[in-house]
Amino acid sequence: MTRIAVVTGGTRGIGEAISLKLKEKGRHVIANYGGNDEAARAFSARTGIDVRKWDVGDHQACLDACAEIEGQFGPIDILVNNAGITRDATIMKMTFEQWDEVIRIDLTGCFNMAKACFPNMRTRSWGRIVNVGSVNGQGGQIGQVNYAAAKSGIHGFTKSLAMEGARFGVTANAIAPGYIATEMLSTIPDNVMEKIVAQIPVGRLGQPEEIARGVEFLTSDNASFITGSTLSINGGQHMY
Ligand code: NDP
């Protein structure tokens, strides 16, 4: 049976690697994106993966998109909540809009998508939800009260969802990436990036593929006894 997988923010960066990995493992992947049509078109042409545009921060858009996907391909078995943005500024300078946008997309987006997919997973007694958090949700970061709050919230959201799904064959786990070489890091100045890399014990940034391998495992049948956990993939940068 081919499992249907939806990857939000699945056309670029870490999401692209996740979409590719799940496809490689035989899942039927639908990759969502938010606005970059050109990148999505190029990704789809390169990979043959179906792309769909909607804003994960828009509750009704998530419900509509998932209903359309399920009508076309069948029930969604796997949800990877990967879409995320940063709007960095210290709290002295952060506007309400910067706070609100990050919470809406990074955290409420996970709720919107789970709300759309969880009921059918529960009914069919099988589902896998993976939410992409962050090392900065675990440890905090200057200039990121919005992002750290959203990502930290993802970890609590995941544990609660895991409790609700456990008796119904639906697992929910989080992945907390460390610093991964994608466009998201392009706004960080070189001198700051050097300091960040110096704090990573393995001495380098991670690659999107290294996150994708973790997601693939957590969404597989092999991970049926793992729920409510956070898999940190960060080169040793932050350890509990
Ligand atoms: P990128 O900026 O490279 O890609 C982000 C993806 O999310 C794009 O596909 C983008 O679509 C999509 N997206 C953004 N906003 C929305 C929206 N409102 N609705 C739907 N899709 C949206 O990010 P990364 O690959 O670096 O990050 C992926 C995830 O990993 C994020 O949640 C991020 O917070 C997390 N993470 C990243 C780390 C890193 O070092 N890179 C570290 C820790 C966590 P579009 O192409 O249309 O813009």
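Which residue in E3 is the bridge partner of Ile30? Keep that in mind, everyone, while we look at the model, which is a predicted one.

Let's start with the sheet. Seven strands come together here in an open sheet, and if you walk across, you meet them in the order E3-E2-E1-E4-E5-E6-E7. The pairing is parallel. At the edges sit strand E3, residues 50–53, and strand E7, residues 230–233, and each of these pairs on one side only. From one strand to the next, the twist averages 20°.

Now back to our opening question. Strand E2 covers residues 28–33, and E2 pairs with E3 in the parallel sense over four bridges. The partner of Ile30 in E3 is Asp50.

Next, what packs on the sheet? Helix H4 does, touching strands E1, E4, E5 and E6. The direction of H4 makes about 170° with that of E4. Another helix to find is H8, residues 208–218, which lies across E4, E5, E6 and E7. H8 runs at about 165° to E6.

Finally, let's see how two helices meet. H3 spans residues 59–73 and H4 spans residues 96–124, and they pack at an angle of about 35°, with their axes 8 Å apart. Their crossing is right-handed. If you'd like to find the contact on your screen, look in H3 for residues including His59, Leu63 and Glu70, and in H4 for partners including Phe111, Lys115 and Asn120. Sorted by class, the contact of H3 with H4 has seven nonpolar, three polar and two charged residues.

How values were computed. Residues are numbered from 1 along each chain as its sequence is written. This is a predicted model: local features need pLDDT of at least 70, side-chain atom pairs count only at pLDDT 80 or more; totals for chains, interfaces and linings use all residues. Side-chain values use heavy atoms; hydrogens and water are left out. Axes are lines fitted to C-alpha atoms, for helices over the stretch in contact, and angles run from 0 to 180 degrees between N-to-C directions. A crossing is left-handed if the near helix is turned anticlockwise from the far one by less than a right angle, and right-handed if clockwise. Contact means heavy atoms within 4.5 Å. Ala, Val, Leu, Ile, Met, Phe, Trp, Tyr, Cys and Pro count as nonpolar, Asp, Glu, Lys and Arg as charged, and the others, Gly among them, as polar. Two strands pair if DSSP finds at least two bridges between them.
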